[in-house]
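Dear colleague,

Please find the sequence and structure below. A summary of the findings follows them.

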Amino acid sequence: MSTDDIAIGDQDEHLLGLNVTRIPVPEELSILPLREYVMFPVLVAPLNVGRESSMQMVNETVVGGNRIVGCITVRDPQIEHPGVEDLHRTGVAVIIRMMMQAPDGIRLIVQGISRFSIEEVLQSEPYLRVRIRRLEETEPSADDEPEIEAARRSIVALFGQIVTLSSDIPDEVQGLTNNVEDPGALTDLVTAHMPRLSIKERQSILDTLPIKERMQALLTILAREVQVLELGSKLHSDVASELGRAQREYYLREQLKAIHKELGESDERTKEISELRSKIEAAQMPEEAMREADRELERLSRMPTAAPEYTVARTYVDWLVALPWSTSTPDNLDIGEAMAILEADHYGLEKVKERIIEFLAVRKFRAEGELRQPILCFAGPPGVGKTSLGKSIARALERNFVRISLGGIRDEAEIRGHRRTYVGALPGQIIQGLRRAGSNNPIFMLDEIDKLTSDFRGDPSSALLEALDPEQNHAFRDHYLEVPFDLSRVLFITTANMLETILPPLRDRMEVIEIAGYTEEEKVEIALRYLIPKQINEHGIKGRLTITPDAVLAMVRGHTREAGVRNLERTVASVCRKATRAIAEGKRKRMKIGPKQVREYLGAPRYEAEELDERVSTPGVATGLVWTPVGGDIVFIEATAMAVPDGRSPQLLITGQLGDVMQESAQAALSYVRVHAADLGAPADFYAKHDIHIHVPAGATPKDGPSAGITMCTALASLFTGRPVQPRLAMTGEITLSGRVLPVGGIKEKVLAAHRAGVRTVILPERNAKDVQEDVPEAVLSELTIRTVKDIGEVLRLALVP
């Protein structure tokens, strides 16, 4: 306790007697302001007086023989020189029982006499002196005596509980209160000995003169304090009990170890359990996974090693500790270096590279945990480098790479794992892949996602919905683990040849990047940069074999016709094998392969551009462009006419395994040609005298789609008019009965197919012009003439020989 002038020293306070209240108090008193302490009547307290003005006041009071001063608490303890307005309205007159000189001031022992209030200020300097009015307690009526007695007993009982529960109050204080019968003195005494009461609460008790109200206020405070102390005691007991249980378990384990050692039993199992416990702690699992691991380890420690469940539980714990819960690899955020790696590994594929660099740019400004990982889908024909592109991305980002093939998977458990109730249960492919990767942020490639199938064992595509959804995969639950694993930091990349076979909700979760295929120039560059050096190294003839660009072009044009470069690599390997044999036989030390050697090693070209001229030289044949899962291709649509036998109506015969859409396109094309036969210069009765047969080779391959409408119409118009189609011309587009040409898809693949086949003029719907400008490489467009049309009349004027 301290005051502006006085600091309370010793905390021990004693009651000397109740007769002090009969001591007369002068009407004029010198005031001793108290800071952060409230004095009460009857209470004895030690005080330290340090200020000069206060010591002067004390000396003059004692010398004068009065020895009575007034103590009042300051409202704001920060005020250095309080005036009367800074003091509370109620104070206590005290008598100085003892006075001692000390090096730092004067030490007093004082005892409270009675309450008072200030009536008039008589002196402000050097210390405050006032005229007072003594305040007497309001005595209770006779009717209130039972209630006062009940309150007194309650105060004694509650204070006794507080003394028992609190370590701040000496036990002898409880006996002191038991000896006080006066309710007012008891209330003041208990209030003064409550160490955790605030100054405001103490002053409120001092200000309350009616004994009944004062006791009720104190009872409320005591009841609250008892509740707080009981709660604190309970918390302390719980903590002590928990610590005691942990110490007891440790002690028992140590005893068990000693018993095993004395009996000479093997301690391998104890060592095994200890190692597993260390691995669990080092794995830094989430809370739920940690609880499950601890529970299984506890079961394992109590289970005999010969029990069938022992191996199941041990395998489960091994899987939990082996997963990369908190292990991750830092991303390479150097955009220039990442771009150099992508360029070094793959030629072209600008869209894919641009998307990865965009991801890296965002990653530089956002922490990995805050950035939503994209779900990419590389869609395109075989051999364009979808899988190798995933490895290149992992190398550029400096992440681990893991790949699983989804082709032919028809069991949902392959994705989400088996329940542990099954014999030989294991986690799904995703969790197994993460364990192989060794980090929680790898590049995870799901190959051939379009070839997933389903049967009575479940639908794997539906099981992938959670893993490939950025809103859900932060808590992916494998059926085997049965605890959530965070997949939000994994960069998933899927590959597909056809988007149509992917479950629509699954396709909606992925960002599709289409890779249409390569041009001749791109294939030559890829072969020279990657395929030829790779095959030369594999055949062990580095420095002894050179393949010229002309030789590669001869292979591309004459021996491969594909969107990718897989067959081209096989062709290069075939040339390398034959060259290796020639070098091994000693015929040549070094070889240079040109177009002549290509023809010698591979034979006559399998594909000739002249085939186009030969096929369309006859009226009724037109060249169309189609899209296939392995890229674009050209198709020849043939139409021929046969005389109608007498007595029968003309018929339309369609062959070539055409789907419903293509059959309807053929009927629409025939209807248009019949209606406009006169405008085309065809005989008006041509259809009435002839059966029409439309055939689309090859007959063993099923075909369907809307792209062949204008091609069928051109073939029929050529047949009706006897005018052949222009050589090296191909087309694509759907037709309506009114002659409108509708847009179609797969323009880039179709144009590249036309370029590969030696086509020089391509007819496209006008509304597909934007696709040509955005997607088709400039090198291809420079060698092709692209004509866009609105109606079939324009098509026929461009396609048919005049």
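The residues that line the second largest cavity divide into five nonpolar, one polar and two charged. In this classification Ala, Val, Leu, Ile, Met, Phe, Trp, Tyr, Cys and Pro count as nonpolar, Asp, Glu, Lys and Arg as charged, and the others, Gly among them, as polar. The lining itself consists of I162, S166, I169, M194, P195, R196, E225 and L229, and the space in this second largest cavity is about 40 Å³.

Please note that this is a predicted model, in which local features need pLDDT of at least 70 and side-chain atom pairs count only at pLDDT 80 or more, while totals for chains, interfaces and linings use all residues. Residues are numbered from 1 along each chain as its sequence is written, and side-chain values use heavy atoms, with hydrogens and water left out.

Cavities

A cavity is a set of points, on a 1 Å grid over the protein atoms alone, where a 1.4 Å probe fits but cannot get out; lining residues have an atom within 4 Å of a point. Grid points are joined across faces, edges and corners, and a volume is the space filled by probe spheres set on the points. By this rule there are four cavities of 30 Å³ or more. The largest cavity has a volume of about 50 Å³, and its lining is formed by E520, K523, V556, R557, T560, R561 and R756. Helices (H or I, at least four residues) and strands (E, at least two) are DSSP runs, numbered from the N terminus. By class, the lining of the largest cavity has one nonpolar, one polar and five charged residues.

The loop between α10 and α11

H346 lies in the loop between α10 (335-345) and α11 (350-365), and Y347 is found in the loop between α10 and α11 as well. H346 is buried, with a relative accessible area of 9%, whereas Y347 counts as partly exposed at 25% relative accessibility. Here buried means under 20% relative accessible area, exposed over 50%, and partly exposed in between (1.4 Å probe, protein chains only).

Contact means heavy atoms within 4.5 Å. Leaving aside neighbours within four places in sequence, H346 is in contact with K353, G385, S388, L389, S392 and Y530. The side chain of H346 also reaches the backbone nitrogen of L389 at 3.4 Å. Not counting residues up to four places away in sequence, Y347 touches K353, Y518, E522, E525, I526, R529 and Y530.

Backbone features

The peptide bond from E125 to P126 is cis, with omega near -5°; P126 is located in the loop between β6 (105-123) and β7 (129-135). R67, although not a glycine, has a positive phi of about 65°. R67 sits in the loop between α1 (52-63) and β4 (68-73) and is partly exposed, with a relative accessible area of 34%. E448 is likewise not a glycine and has a positive phi of about 55°. The loop between β10 (443-447) and α15 (460-467) holds E448, which is partly exposed at a relative accessible area of 25%.

Cysteines

The structure holds zero disulfides, a disulfide being a pair of cysteine sulfur atoms within 2.5 Å. C71 is buried, with a relative accessible area of 3%, and C576 is buried at 0%.

Yours sincerely

Notes
On a 1 Å grid over the protein atoms alone, a cavity is a set of points where a 1.4 Å probe fits but cannot get out, and a pocket is an open set with protein on both sides within 12 Å along at least five of seven lines; lining residues have an atom within 4 Å of a point. A polar contact is a pair of N or O atoms within 3.5 Å; within protein, one must be able to donate a hydrogen and the other to accept it, and residues adjacent in sequence count only if both atoms are side-chain atoms.
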